Amino acid sequence: MPASQTVVFVVVLIFSLSSLVHSFQPLFTLDGNSTTHRVITQRAVLRKTAEVCRDIATGAGRDFSLTIDNSLTASKVLRACSSMGSSTSLLSSINFQTSITNMYFSNAKVDVIFALSDAHHFDDESFERGRDIITSGVSAVKKSVALENYVTGRWTLGFVFHTLQDFYSHSNWVELGETIPYRSLIKPDERLENLAGRSTPTCRNCTGENCADNLLPELMQQGLLTSGYFNPFSSDKPAGKCSHGGTVDRTSKREPVGGINKDTIGSSHGSLHPKAADLAVDATMELLEDIRQAVGDKNFMRLMGLSQSTALCIVIDTTGSMSDDIAEVKRISFDIIDRRRGTQEEPSAYILVPFNDPDFGPLILTTDADVFKANINKLSASGGGDIPELCLSGLQLALTAAPRSSEIFVFTDAPAKDAHLRGTITALIENSKSVVTFLLTDVLARRRRRDLQGVSTRVVSQLDAQLYRDLARASGGQTIEVSKSDLSQATSIIEDSSASAVVTVFQVVRNPGKPENFTFTVDSSLRNMTVYITGASSLAFTLISSTGVSQSSSQSSGPLASFTTAGNLRRLRLNSENQTGSWEIRVDSNNPYSVKVTGQSSVNFIFNLVEAHEGAHGDFSLMEQRPQSGGNASVLISVTGSDMVTVTEVTLVDSSGSTEVNGSLQALGSGNFLVTFSKVPAGDFVVRLRGEDSSATSRSTPESFQRQTSTQIKTSSISVTTEANNTSVEPGSSISIPFTVATTTNGVVNDSASGTFTVRANNDRSFTSTSPSTVSITEGSGGKANGTVTLTIPGDAASGTDVTLTIVAENAAATDTNYALIRLSVAAKVTDINRPVCQEVSTSGICPSSASLCATSQWEFIANLTDGINGTGIDSITIRKGNGTLNTSSVTGAGGENVTVVTYSASCCSQNVELNAVDREGNVGTCVGQARATTITAAPVTTAAPVTPAAVSTTSSRGHTLSTSHCLLICVVVSLLWK
C-alpha cells in the first residue's frame with residue numbers, strides 16, 4: 001500500500017455483553033444509529049486538533065486544505081498537521097489514535113466508578129455540583145500539562161468529557177431550542193441561570209410510550225433548565241419532576257411517568273439524540289479550546305498525543321561498576337537527539353530514571369531534549385558494594401510515567417533487590433502494553449563493583465537474570481546479555497525502536513528451546529526490516545526469502561541480510577525491500593531463544609482489554625486485570641485510515657506455539673469487525689492479525705500482510721475487583737479502596753472454592769499505604785474474600801501528579817496471579833475561579849488610512865492586568881493575535897493587588913492585538929486592543945500612584961465580553977481625578 005496512507009487497527013477484547021444503558025452509550029452501540037461517548041470524544045479531539053493545526057499553518061503562511069468535519073480520522077489529521085510531511089512520507093497515526101483511545105476509555109470509566117452519582121451525569125437537577133466536577137477536572141488537566149504529565153492529563157480529561165457530554169443528553173437544553181453549548185458550564189465564575197427550583201414541577205405524564213411532549217409548557221415558556229431524576233433502586237423523586245427514563249430507572253414509573261433523556265435513538269426523547277450529540281461535540285471542543293488557550297498550542301498538541309514517534313525512555317543503574325554503561329547511554333541518547341531534533345522522528349518525550357541502593361529516581365519526564373541531556377550529564381557511577389539494586393522500583397516509575405505502548409530500556413549489571421515487585425511490574429507491563437528490553441552487562445560473569453572502600457567481587461546467578469528474561473518476555477521485549485566492551489554494538493536496538501512507525505511482524509520465544517521453523521509475511525508497505533535473534537552462542541539459523549534464496553548464520557553478510565553479533569544478540573538488517581510474500585526462519589537450538597521481526601510501516605494495530613459491566617450505565621469499560629481462563633472472548637477490530645484493508649484472520653497464539661485459537665469474524669460495517677473466541681484456555685497469548693491490502697498500485701490482486709502484538713495476554717483463574725469510588729485525591733487526604741479476590745472456573749466465580757491468597761499492594765509514588773498481606777476465602781463466603789487498601793497522599797503532593805495503585809493477588813501455590821490497577825490524580829481544591837481582568841490604559845499612535853503606508857507608522861496599546869487580591873496571580877501573558885512586541889512590568893494597585901502592566905507596540909500593518917492572560921490556576925482572560933486614527937493618551941500607570949481606569953475592551957476564553965467602545969476620554973478623566 002502507499003506509504004502515505006495510515007491504517008490503525010484498534011483491537012478490543014470483550015468478554016460479555018450488557019443491554020443496560022443510562023447516558024450516551026459509552027463505547028459501542030447496537031442500533032447502528034446512535035452516537036456514543038467514544039464517537040463524540042473522537043470527533044471533538046480530531047476537529048479541535050485540526051483547527052489548531054490550521055491556525056498554526058495560517059500563522060506561518062502555509063496552506064491547510066483539510067476539511068474539518070465529522071469525517072476526520074486520526075490519519076487524515078496527522079497527515080495535514082505534519083508540516084514536514086510529503087505525499088511519500090511514512091506516517092503512522094498509532095500514537096495519536098492511542099491517545100484518543102485512552103481519553104474515551106477513561107470517559108467510559110465514569111459509568112462504572114460513578115454509576116449512581118447524579119452530579120457526574122447531571123441527573124437530579126444537580127447542575128452546580130456537575131459544574132464543580134468539570135471545574136476541578138479542567139484545573140487538574142492544566143496542572144498535569146504544566147508538569148508535562150500528559151498521560152495523566154489525557155486520563156483526567158476523559159472523565160471531564162463524560163460529565164460535560166451527559167449534560168446535553170440528560171437536561172432539557174436541546175428541548176429549549178438552544179443551538180450552541182451552555183458556556184457557563186466551563187466558566188465557573190458565571191452564574192448558572194434559569195434553573196428550575198426544587199419545588200417547581202417540570203414534567204407531565206407521557207402518553208403511553210410517547211414522551212415527546214412531557215415537559216410542562218410553562219417550564220418551556222419560562223426557559224427553565226431541568227434534568228431527569230434517576231434511581232435504579234427507588235421510585236422516590238420530588239413531586240412533579242421529570243425522570244431520566246428507561247427500563248432501569250424506577251423513578252420513571254412514578255408520576256409523572258416517562259423520561260426526557262436523549263442517550264440513544266430509542267430513548268424517551270430519542271428524536272433529539274442527534275442534536276444532543278452534536279452539541280456535546282461542540283461543547284467538548286469549547287472545553288478543549290479553553291485548555292488550549294491556557295497551555296499554548298505546542299503543549300496542547302502534546303496533550304492530544306499528536307506525535308510520530310515514541311518516547312525515549314532509559315532506566316539505568318548508577319552504581320560503581322556502571323561508568324561504561326552510563327557513557328554508552330549518553331552516547332546513543334545524544335546521537336538520537338542530535339540527529340532527529342526537529343524531524344518527525346524526534347522523540348515525543350524523554351524519560352530518565354536512575355536507580356541504585358538504597359535509592360531510586362527521581363523520575364525525569366520532559367519534552368525538552370536539552371533538559372534530558374543535562375540530567376544524563378549529571379549521572380555518575382558510585383557505591384553499590386552489596387550487588388543487588390532497586391531495579392524494579394525504577395522500572396515501576398518509568399512504566400507509570402511513559403505513554404502507553406512505549407519502549408523502555410533498562411541498563412544494569414546487578415540482580416534486583418526488589419524482586420517482590422515482580423507481580424506489580426508484570427501488571428503494569430500488561431496494562432500499559434509497554435515493551436521492556438533489558439541490557440545486562442557482564443551479569444553472568446564475575447564482576448567488580450567499585451566503591452569508596454575498595455573492590456568486591458560477586459557472581460550473578462542464572463536465577464537472578466531469569467527474572468529480567470521473564471519480564472522482557474511478558475512485554476515483548478528482549479534480554480540482551482553483553483560484555484561492557486561490546487555494549488555499543490547492542491544499543492543499536494534503541495536507535496531502531498525510536499524510529500517512527502515501527503511495527504512487529506512476528507515474534508516468538510522458546511523456553512525450553514527446540515529446533516523449529518517459523519514463517520512470516522512481508523508486504524510492500526514494510527521498510528527497514530530487522531530480525532533480532534537472542535540465544536546461546538551455539539544457536540544456528542537459516543533465513544529463507546519468499547523467492548527461495550537462503551542465508552545461514554555462518555554468513556555475516558549475504559544475499560538477504562547483513563548481521564552483527566553482540567553478546568547473545570544477533571541483529572539482521574534485511575537488504576531487500578522488494579521480496580514480498582512468505583519468508584521463513586529456521587532456528588536450530590535446544591537452549592532458550594527468541595526471534596523478533598520488525599519493520600517500519602503505516603499498517604499497525606493497538607488493542608485493549610475491556611469488560612462488560614451491568615447496571616445503570618451498562619456497556620463496556622477498560623479491563624485492568626487479566627481475563628479469566630476458560631471464559632469466552634471476543635475481539636472488536638476497528639479499521640481507521642483506509643477502506644482498502646480487509647481483515648481475514650485474527651488468532652490468539654499461545655507463546656509456547658502449542659495452541660492457536662482462531663476467531664470467527666463478523667463484519668459490523670464502518671471498518672469494524674467482531675471476532676468471537678470460545679473458551680480461551682489457560683496460557684500466555686499474543687494477538688496475530690492477518691489481512692489483505694488492496695491499495696498497492698503495482699498489484700492486480702490484494703496483497704497479504706500480518707502484524708502481531710508484542711505484549712502478552714495471560715489468562716488467570718483468579719479474579720481481583722475493586723470498588724474505587726473516586727478518581728482524584730486531595731493532597732493531605734487518605735482514600736480507602738475495598739477489593740475482592742475470588743477463584744473462577746471457566747470464567748465464572750466458583751462459590752464453593754476456598755483458599756488463602758497473598759496480597760501485595762504497591763504504588764509508584766511510595767506513598768504510605770496499609771493493606772492485608774493475605775486474604776482467605778472461607779466456607780460460606782460465596783467463593784470471595786474481601787480486603788481494603790488505604791492510601792495516604794502527602795500534604796506536599798503537587799496537583800497534576802498522579803499515583804497508580806496495583807493490587808496483586810497470588811494463590812498459595814504461587815502458580816497463578818491476577819491484579820487490579822487504580823489510577824488516581826492528585827488535585828488540590830480549586831479556590832480561584834476568576835479570570836484575570838484587563839483594563840485598558842491607553843491606545844496611542846496614528847495609523848494612515850492607506851495600507852500601502854502602514855509600514856511607516858507605529859501604534860501602542862497599554863493595559864493593566866490583574867488577578868485580584870485573592871487570585872492565584874498571573875502566570876503568563878502571550879500574544880494570541882497580532883504581530884508586534886510585548887513588554888510587561890509589575891506594580892501594586894490601589895487595593896494592594898498585583899498589577900501587570902503590558903505595553904504592546906506594532907506596525908500599523910498589524911492593527912489588532914489579542915492578549916491571553918493565564919493565572920496560576922489556569923483561568924484565561926483575553927485583552928483586545930485596536931489601533932486608532934487619532935491619538936488620545938491616558939496617563940500611564942506608575943509605581944507611585946497606580947491608575948485604576950475603567951474596564952474596557954475585555955473578552956475571555958471563559959466568556960465575559962466587555963464593551964470595546966468605551967471612550968478613551970473616560971480613561972483620561974478618571975486618571976486626572978485620581979491624581
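This is a predicted model: local features need pLDDT of at least 70, side-chain atom pairs count only at pLDDT 80 or more; totals for chains, interfaces and linings use all residues.

Visitor: Fine. How many helices and strands does the chain have?
Guide: There are 16 helices and 46 strands in the chain.

Visitor: And what share of the residues is buried?
Guide: Of the 979 residues, 58% count as buried. The chain exposes about 37,100 Å², and 48% of that area is supplied by carbon and sulfur atoms.

Visitor: What about contacts between residues 24 or more positions apart?
Guide: Such pairs make up 73% of the contacts in the chain with a separation of 6 or more.

Visitor: What does L157 touch, leaving aside its neighbours within four places in sequence?
Guide: L157 is in contact with M103, V141, L287, L288, I291, L303 and M304.

Visitor: Let me turn to sheets. In what order do the strands of the 6-stranded open sheet run?
Guide: The order is β4-β3-β2-β5-β6-β9, with mixed pairing. At the edges are β4 and β9 (479–482), each of which pairs on one side only. Neighbouring strands of this sheet are turned against each other by 15° on average, direction ignored.

Visitor: How many bridges join β6 to β9?
Guide: Strand β6 (residues 435–441) is joined to β9 by 4 bridges, and the two run parallel. For L440, the bridge partner in β9 is E481.

Visitor: Which strands does α13 touch when it packs on the sheet?
Guide: Helix α13 (residues 462–475) touches β5, β6 and β9, and its direction makes about 150° with that of β6.

Visitor: Now charges. How many salt bridges are there?
Guide: The count comes to 46 salt bridges. One of them pairs D357 with K417, with the closest N and O atoms 2.5 Å apart. D357 lies in the loop between β3 (350–355) and β4 (364–366), and K417 in the loop between β5 (407–412) and α12 (422–432), so this pair ties together parts that are 60 residues apart in sequence.

Visitor: How exposed is D357?
Guide: D357 is partly exposed, at 21% relative accessible area.

Visitor: Which residues are linked in a network of salt bridges?
Guide: K48, E51, R54, D55, E289, R292, D297, R880, K881 and E914 are. Within it, the side chains of D55 and R54 meet at 3.4 Å, N to O. D55 is partly exposed at 31% relative accessibility, and R54 is partly exposed at 34%.

Visitor: Last topic, the backbone. What is omega for the peptide bond from E255 to P256?
Guide: Omega is near -5°, a cis bond. P256 sits in the loop between α6 (217–222) and α7. Another cis bond joins N511 and P512, with omega about 10°, and P512 lies in the loop between β10 (502–510) and β11 (516–522).

Visitor: And where does D124 lie?
Guide: D124 is in the loop between α3 and α4. Its phi is positive, about 55°, although D124 is not a glycine.

Visitor: Is D124 buried or exposed?
Guide: D124 is buried, with a relative accessible area of 15%, where the cut-off for buried is under 20%. K433 has a positive phi near 60° and is likewise a residue other than glycine. K433 is found in the loop between α12 and β6 and is buried at 11%.

Methods. Residues are numbered from 1 along each chain as its sequence is written. Side-chain values use heavy atoms; hydrogens and water are left out. A salt bridge is a side-chain nitrogen of Lys or Arg within 4 Å of a carboxyl oxygen of Asp or Glu. Buried means under 20% relative accessible area, exposed over 50%, partly exposed in between (1.4 Å probe, protein chains only). Contact means heavy atoms within 4.5 Å. Accessible areas come from the Shrake-Rupley method with a 1.4 Å probe; for residues, only the protein chains shown count as cover. Two strands pair if DSSP finds at least two bridges between them. Axes are lines fitted to C-alpha atoms, for helices over the stretch in contact, and angles run from 0 to 180 degrees between N-to-C directions.
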